[in-house]
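Notebook open, going through this one element by element. I'll jot things down as I look them up.

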Amino acid sequence: MIEKAKRIAVIPGDGIGPEVVAEAVQTLELLCDTGGVQLQFEHFDWSADRYLRDGTSLPDGALKMLAENFDAILAGAFGDPRVASNQHAEDILLGMRRGLDLYINLRPVRLFHNSLTPLRNRTIEDIDFVVFRENTEGAYCGAGGFLRKGTESEIATQEELNTRAGVERIIVAAFEYARLNKRSSVTMADKSNVQRFGGDLWQRVFKEVAARYSDIEARHQYVDAMCLFMILDPAQYDVIVTNNLFGDILTDLGAALQGGLGMAASGNIHPGRTSLFEPVHGSAPPLAGKNIANPIGAILTSAMMLEYLGDGRASRLIEDAVRYALEQGQTTSDLGGSLSTADVGGCIRDRISQMANK
Ligand code: NAD
Ligand code: IPM
Ligand code: MN
């Protein structure tokens, strides 16, 4: 149980973000009503709409305000076809990840119901691992530039930054997680056969850190092979650790294993600090405003947030209610059902109320 009220900044964002975040917030509010959890919410309108209206993306002073006044941030998605540059999304989302130093992007790949995976003959036993994605550097460092832009001899460079400290802290986090959660292996994915410098650093640091965790098996795979094995034999994974870009790509693949992007949850974490929780999916413009997006990824994200805030019981209550809704076939169309976003959220909340009254 959370002792003191926790303050949550809610940033619904763009597209389906507001629709799915509304379901997550209502679910959290219900948990507040049924006892145990105490949360206070404050909403922020940082989004494409706001950016197009007055040019504001991440307001000045926002990072300090979030770090000082909030325990966690719950966000929807950022990205809008009207902002071709994606500038507001970069400022807000990457701005918070980098500016709050949320170096762990924790993305569980967990199958909640056997029927959801597109893989033949795979069950919930086979698809259950977590990805530790480095979240502050790598290809997302924003370094690079143009030479002779717009000419026949144009050159574009896109750099990747790997710091010793950055690589070490994400690998340590993966091993610590494995130890704490009794996971037997950590698999590091890179492309060190081609990326000879960054890859070399990751290889060396991985071996060094692994030597400190003799109880955990340390494995390495090239990231292309990992894409293959995630499909052919996902049961081999416990914890995966990788860089920012590979982690982004692998976790969309991981989302597919779980039933699609509508199912995947994530946390952007710096242990002990204000951390950011958001579903893996984006703003899904074709679905926006139709009340048809799957809210489960966002709802499971709110469960991750509760776990982070110290309320594992409430977190598991949400997960059990999600499992129940899936068993009953109470789903949106991406999972083969015919319910709306709000109805799926409602089913999950009904189940939570039922269980809380037992
Ligand atoms: P996307 O995740 O928004 O959607 C891809 C497809 O996945 C959708 O068309 C839809 O078929 C499915 N999908 C996603 N979420 C779903 C849900 N909740 N329920 C049902 N189906 C769902 O990826 P995209 O189309 O490549 O990107 C759209 C915009 O979102 C872009 O601007 C992109 O940059 C942005 N984006 C933002 C985030 C984020 O804020 N964390 C993540 C990914 C993409
Ligand atoms: C994600 C998204 C973001 C990323 C984009 C929107 C910047 O794809 O959260 O997975 O690449 O990290
Ligand atoms: Mn992504």
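This is a predicted model: local features need pLDDT of at least 70, side-chain atom pairs count only at pLDDT 80 or more; totals for chains, interfaces and linings use all residues.

What is the strand order of the open sheet of ten strands? I read S2-S1-S3-S12-S11-S4-S5-S10-S8-S9, and the pairing is mixed.

**Pairings I followed**

I started with strand S3 (residues 72-77) and strand S12 (residues 275-277), which run parallel and are joined by three bridges. Leucine 74 has phenylalanine 277 as its bridge partner in S12.

Then I moved to S5. It pairs with S4 in the antiparallel sense, over seven bridges. In that strand S5, arginine 133 stands opposite asparagine 105. S5 is also joined to S10, this time running parallel, by four bridges. Arginine 133 turns up again here, with threonine 242 as its bridge partner in S10. I looked at burial too: six of the seven residues of S5 are buried, and I'd call the strand mostly covered.

**Helices on the sheet**

Which strands does helix H4 (residues 87-99) lie across? I get strand S1 (6-13), S3, strand S4 (104-110), strand S5 (128-134), strand S11 (267-269) and S12. H4 runs at about 140 degrees to S12.

H9 packs on the sheet as well, where it touches S1, S2, S3, S4, S11 and S12. The direction of H9 makes about 165 degrees with that of S3.

For helix H6 (residues 198-211) I did a quick length check. At 1.5 Å a residue, its 14 residues should span 20 Å, and the end C-alpha atoms are 20 Å apart, which agrees. I then listed the buried residues of H6: Gly198, Gly199, Leu201, Trp202, Gln203, Val205, Phe206, Val209 and Ala210. Those buried residues pack against S5, helix H5 (164-180), strand S8 (185-190), S9 and strand S10 (239-242).

**Domains and cores**

The protein is divided into domain 1 (1-103 + 270-358) and domain 2 (105-262). Their centres, taken over C-alpha atoms, are separated by 24 Å. For the contact between them I found 22 residues of domain 1 against 22 residues of domain 2.

How many residues does the largest nonpolar core have? It has 81, and Phe132, Ile171 and Val241 have the most contacts inside it. Helix H9 (residues 296-309) gives the largest share, nine residues.

I took Val241 for a closer look. Leaving out residues up to four places away in sequence, valine 241 touches Phe132, Ile170, Ile171, Ala174, Val186, Thr187, Met188, Ala189, Trp202 and Phe206. Apart from this core I noted another one, of 18 residues, with Ile11, Phe70, Leu93 and Leu102 among them.

**Loop residues**

Is threonine 332 buried or exposed? Its relative accessible area is 1%, under the 20% cut-off, so I wrote it down as buried. Threonine 332 sits in the loop between helix H10 (312-327) and helix H11 (341-356). Its contacts, again not counting residues up to four places away, are Ile292, Ala293, Asn294, Pro295, Gly337, Leu339, Ser340, Thr341 and Val344.

Serine 338 is in the loop between H10 and H11 too. Serine 338 has 71% relative accessibility; the cut-off is over 50%, so it counts as exposed. I also checked serine 338 against isoleucine 292: they are 46 residues apart along the chain, with 8.7 Å between their C-alpha atoms.

Last stop was glycine 282, in the loop between S12 and H9. At 36% relative accessibility, glycine 282 counts as partly exposed. I found that it touches Ile16 and Ala77, not counting residues up to four places away in sequence. Glycine 282 and alanine 356 are 74 residues apart in sequence, and 32 Å apart C-alpha to C-alpha.

Note on methods:
Residues are numbered from 1 along each chain as its sequence is written. Chains are lettered from A and ligands numbered from 1 in the order in which they are written. Side-chain values use heavy atoms; hydrogens and water are left out. A nonpolar core is a set of buried Ala, Val, Leu, Ile, Met, Phe, Trp, Tyr and Cys residues joined through side-chain atoms within 4.5 Å. Buried means under 20% relative accessible area, exposed over 50%, partly exposed in between (1.4 Å probe, protein chains only). Helices (H or I, at least four residues) and strands (E, at least two) are DSSP runs, numbered from the N terminus. Contact means heavy atoms within 4.5 Å. Two strands pair if DSSP finds at least two bridges between them. Axes are lines fitted to C-alpha atoms, for helices over the stretch in contact, and angles run from 0 to 180 degrees between N-to-C directions. The expected span of a helix is 1.5 Å times one less than its number of residues. Domain bounds come from an automatic or database domain assignment.
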